[in-house]
Amino acid sequence: MNTVEAPVAPAVEDRWPMLEEAPTGLVTRGAAAAAAALFRAATKRLGISVSEDGGPADIVLHRPEEFYARISRHGLIGFGEAYLTGAWDAPELGETLTVLCRDVRDLLPGWAQKAGAVYERRRGATDLNTPENAREHIGHHYDLSNAFFALFLDPTMSYSSALFSSLPSTEDLAIAQHRKIDRILDEAGVGAGTRLLEIGTGWGELALRAAARGAQVTTVTLSVEQADLARRRIGAAGLAHRVDVELRDYRAVDGTYDAVVSVEMIEAVGERFWPVYFAKIDEVLAPGGTAVIQAITMPHDRMLATRNIETWITKYIFPGGLLPSTEAITAATEAHTRLRMRSRLSFGPHYAETLRRWDLAVRDRADEVRALGFDETFLRMWHFYLEYSRAGFAAGYIDVQQLTFTRDEAR
């Protein structure tokens with residue numbers, strides 16, 4: 001294993017105002033010492049080697065004092081922030097995080113988990129995905145730069161899990177993305193003449209595939225950048241007469257549709273609005289229609305435990321986001337709609353492979369990312385985000401599913 005060179009810590013006061021300076025002081029030093037003891041015990045138990053002097057290991061601590069101070073103050077958020085500042089590295093980040101993810105429930109003893117809860121930040125009113133907040137939350141991530149996303153996504157510009165023919169796979173990612181999209185359209189019964197509503201446009205590939213089948217598509221998004229590129233791609237394909245791309249909140253949708261599809265959009269809805277989201281689908285779905293949702297899900301007990309606290313992902317990547325559980329989705333639909341889940345496909349390992357390929361692409365084109373104006377801290381943040389997410393799927397901590405719903409007309 002090669003020694004990892006220590007990165008230069010970023011200036012946090014300008015470009016990265018959310019990235020606080022490392023905590024200091026006597027109390028911090030005491031808490032950091034306790035955090036160090038817990039971290040060493042956990043990594044030893046899991047067989048993860050740790051170096052505090054720059055030598056080769058699974059985790060290399062370049063600035064141990066900063067690392068332990070951050071995790072003692074902010075737990076897993078601090079763990080991620082210490083990676084952003086370069087206080088630690090891992091030669092095989094995804095594999096190391098996967099080992100940690102498999103043990104996340106028991107990573108710390110019970111007393112330490114309870115003590116750590118004191119430092120957890122509660123999610124505030126700005127995290128709620130009200131119509132006003134939702135546009136800002138979506139823009140925070142999806143309006144970064146179309147050019148940036150084009151650097152690492154395949155030509156379909158699909159930013160959701162692919163569905164491979166089998167795993168492990170050397171299959172072209174675009175083929176696997178089309179398989180995912182086509183399965184959704186098949187499940188929803190989309191063909192010539194279908195009136196289709198898509199909630200969450202992405203960059204328009206699903207709308208393109210549906211329109212090519214002869215469907216009349218309405219697709220809504222809150223991302224200005226995505227809407228602009230989706231319109232251009234649809235126009236270039238000669239399908240603008242079959243697709244309306246609307247910059248609109250899902251709550252403002254009207255009309256009647258034979259099918260409704262939504263790919264990895266529910267994660268940005270928020271628990272308070274899950275009933276509203278499904279009620280809107282129920283409202284606009286025509287009798288005999290079908291809805292298909294692709295959703296990233298997490299175990300119900302973990303959702304309940306984390307739904308009201310800030311996480312590294314909600315702070316840096318998806319503000320306002322929350323992964324639902326299958327149980328929460330079922331509860332929302334049964335209590336507030338006539339929708340009933342008829343089938344589901346689980347394919348979490350396919351997302352791990354998708355994320356692995358995205359991460360490799362970002363790293364291979366790092367110079368082009370820099371040329372777009374993104375700095376080294378952004379590159380470290382994106383690498384951590386993609387590998388952290390990959391670890392969740394590889395460990396089975398989170399899953400991705402395609403859920404098919406029909407309406408119980410008797411209700």
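User: Why is Leu144 called partly exposed?

Analyst: In this predicted model, Leu144 has a relative accessible area of 27%; buried means under 20%, exposed over 50%, and partly exposed in between, with a 1.4 Å probe and protein chains only, so Leu144 counts as partly exposed. Because the model is predicted, local features need pLDDT of at least 70 and side-chain atom pairs count only at pLDDT 80 or more, while totals for chains, interfaces and linings use all residues. Residues are numbered from 1 along each chain as its sequence is written, and side-chain values use heavy atoms, with hydrogens and water left out.

User: What makes Thr98 buried?

Analyst: The relative accessible area of Thr98 is 7%, and therefore Thr98 is classed as buried. Leaving out residues up to four places away in sequence, Thr98 touches Ala391, Ala394 and Ala395, where contact means heavy atoms within 4.5 Å.

User: Why is α10 called oblique to α13?

Analyst: Helix α10 (residues 274-284) and helix α13 (residues 326-336) pack at an angle of about 60 degrees, with their axes 9 Å apart. Angles under 35 degrees count as roughly parallel, over 145 as roughly antiparallel, 65 to 115 as roughly perpendicular and the rest as oblique, which means that α10 is oblique to α13.

User: Which residues of α10 and α13 meet?

Analyst: Trp274, Pro275, Phe278 and Ala279 in α10 meet residues of α13 that include Ile329 and His336.

Definitions and conventions. Axes are lines fitted to C-alpha atoms, for helices over the stretch in contact, and angles run from 0 to 180 degrees between N-to-C directions. Helices (H or I, at least four residues) and strands (E, at least two) are DSSP runs, numbered from the N terminus.
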